[in-house]
Amino acid sequence: MTAPADLKYTEEHEWVLIEGDVATVGITDYAQAALGDVVFVELPAVGSAVAASTVVGEIESTKSVGELFAPIDGEVVEANQAVVDSPELVNSDPYGAGWLIKVRFTELPALLDAAAYEELTSK
Amino acid sequence: MHAAAGAQFTDFAGWQMPVRYSSDLAEHKAVREAAGLFDLSHMGEILVVGDGAGAALDHAVSGRMSALRPGQAKYTHLLTETGGVVDDLIVYRTGDDRFMVVANASNADVVAEELRRRTSGFDARVFDESADVALIAVQGPRALEIVLATPGFAIAGGHPDGHDVPEVLTPLRYYRAVAGYFRERPVLFARTGYTGEDGFELFCAPDFARELWEALAEAGEPFGLVPAGLAARDTLRLEAGMPLYGHELSAEWMPVQAGLGRVVDLAKDGDFVGRAASEAGAAADARVLVGLVGAGRRAARADYPVFDGEGADAAEIGVVTSGALSPTLGHPIAMAYLSPALAAAGGTVFVDVRGTRHPYTITALPFYSRKRTN
């Protein structure tokens, strides 16, 4: 699957959808394939403050533990309860129903565009 | 060929190994309910040949291999002088004067070297055939049906057309093996495995392993056979309470600590490497291997510390060696070495899962046992 062009990306294999001052965050198709079957997701609480590049949650597969990094400074305004209840959504629909958190931000950091992210994952 | 099946690979002991083909969970479930097809060609195969091969192995490993009859196999350990484990092995007696020792890939060189050294005074020669032997396993409740449905097999000394294959393989017992052919090339059919299910391991030359794989895959497809990778193999063996070298077994632990004291045959005649230390036994306070069962979905994993309480003053009483969310059972399972005073079944311990203490109940192994029909 190619990285959707309307999203931004991080080097930690997360995608970010910017809508106004809210960023929706998930992990990329590349990341979910590398993790394998996701069986447990822990997300930060709604209302909590997160700082860019810090670990704010976990995505566990049968074989390994992936860390969820906040891509951005801000406040968590929504956490996807559907993926907590059904972690396999991260595998089946990483760019859609498998989204993880929404963060309200004030300043946008430098993020990769789809072409730069594909360059990163094709190495 | 595996890449064509959608496999993802990992480097393992110098081999490019399929870690998964589709989904770890789907592959695991297929092995429990139908069957999985595994490429285990990375495993080490070391031949010990000669009139003194049985006596040589009795000296080299922990069990009494000379007692095996041709066609029988035994699980055993190659011990250190101090009674720890160099590797765990399956030894097949393939003839009056020959044995095949199957070792873990990462240890094959060391095992071959140790066997050579330990058997030098015996009428036996050691050949490391690891690069010249491929291994394909069919594991799961439908495994026998799949092997019997695969055309091209024959039994050594049997009918070349193979019509007697079912009457030989069907009653073949666990830890027994029989020589045969696939399209006129030699194969060893072994009723062994590492998944907790019935199944066969087929040893053959690498030059027709692909052909054998494809024949099994095609014949097995109607039975629900799917290719399965190392990730599923690991969760399968963990549920079955089977130890993995480098996790539950190492030079640091004695077999008796892993609940495998029976693997060390102190009743056999003669000295063997590790005998004195095994007779002395483990220290009274030496940690012992237990099963742990948790609630929720968060798995305790290898190297996580185990405590006797939740508070900051709790004592560290052990360490997790393997752990996963059990695909079959739906809750976390783990194996751990614990202080013997605190290792009784039914007790509660706390595993530190990346900074949070989670309660686990100590339980007997295995976590999962198949319903036996044969």
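This is a predicted model: local features need pLDDT of at least 70, side-chain atom pairs count only at pLDDT 80 or more; totals for chains, interfaces and linings use all residues.
1. On the side of chain B that touches chain A, the elements giving two or more residues are α1 (24–33), α7 (230–239) and β17 (316–325). Of these, α1(B) provides the largest share, 3 residues. Sorted by class, that side of chain B holds 7 nonpolar, 2 polar and 7 charged residues.

2. Salt bridges also cross this interface: the rule finds 6 of them between chain B and chain A.

3. As for extent, 16 residues of chain B are in contact with 16 residues of chain A. About 1300 Å² is buried between the two chains, and carbon and sulfur atoms give 42% of that area. Within chain B, the residues that lose the most area to chain A are B:R297, B:R298 and B:R301, which together make up 39% of what that side buries.

4. Now to the largest pocket, whose volume is about 990 Å³. Its lining has 41 residues, and B:Y75, B:Y174, B:Y175, B:M242 and B:P243 lie nearest the centre. In chain B, β5 (73–79) and β6 (85–95) each supply at least two residues of this lining.

5. By class, the lining of the largest pocket divides into 23 nonpolar, 8 polar and 10 charged residues.

Terms used: Residues are numbered from 1 along each chain as its sequence is written. Chains are lettered from A and ligands numbered from 1 in the order in which they are written. Side-chain values use heavy atoms; hydrogens and water are left out. On a 1 Å grid over the protein atoms alone, a cavity is a set of points where a 1.4 Å probe fits but cannot get out, and a pocket is an open set with protein on both sides within 12 Å along at least five of seven lines; lining residues have an atom within 4 Å of a point. Grid points are joined across faces, edges and corners, and a volume is the space filled by probe spheres set on the points. Helices (H or I, at least four residues) and strands (E, at least two) are DSSP runs, numbered from the N terminus. Ala, Val, Leu, Ile, Met, Phe, Trp, Tyr, Cys and Pro count as nonpolar, Asp, Glu, Lys and Arg as charged, and the others, Gly among them, as polar. Contact means heavy atoms within 4.5 Å. Buried area is the accessible area (1.4 Å probe) that two parts lose on being put together, summed over both. A salt bridge is a side-chain nitrogen of Lys or Arg within 4 Å of a carboxyl oxygen of Asp or Glu.
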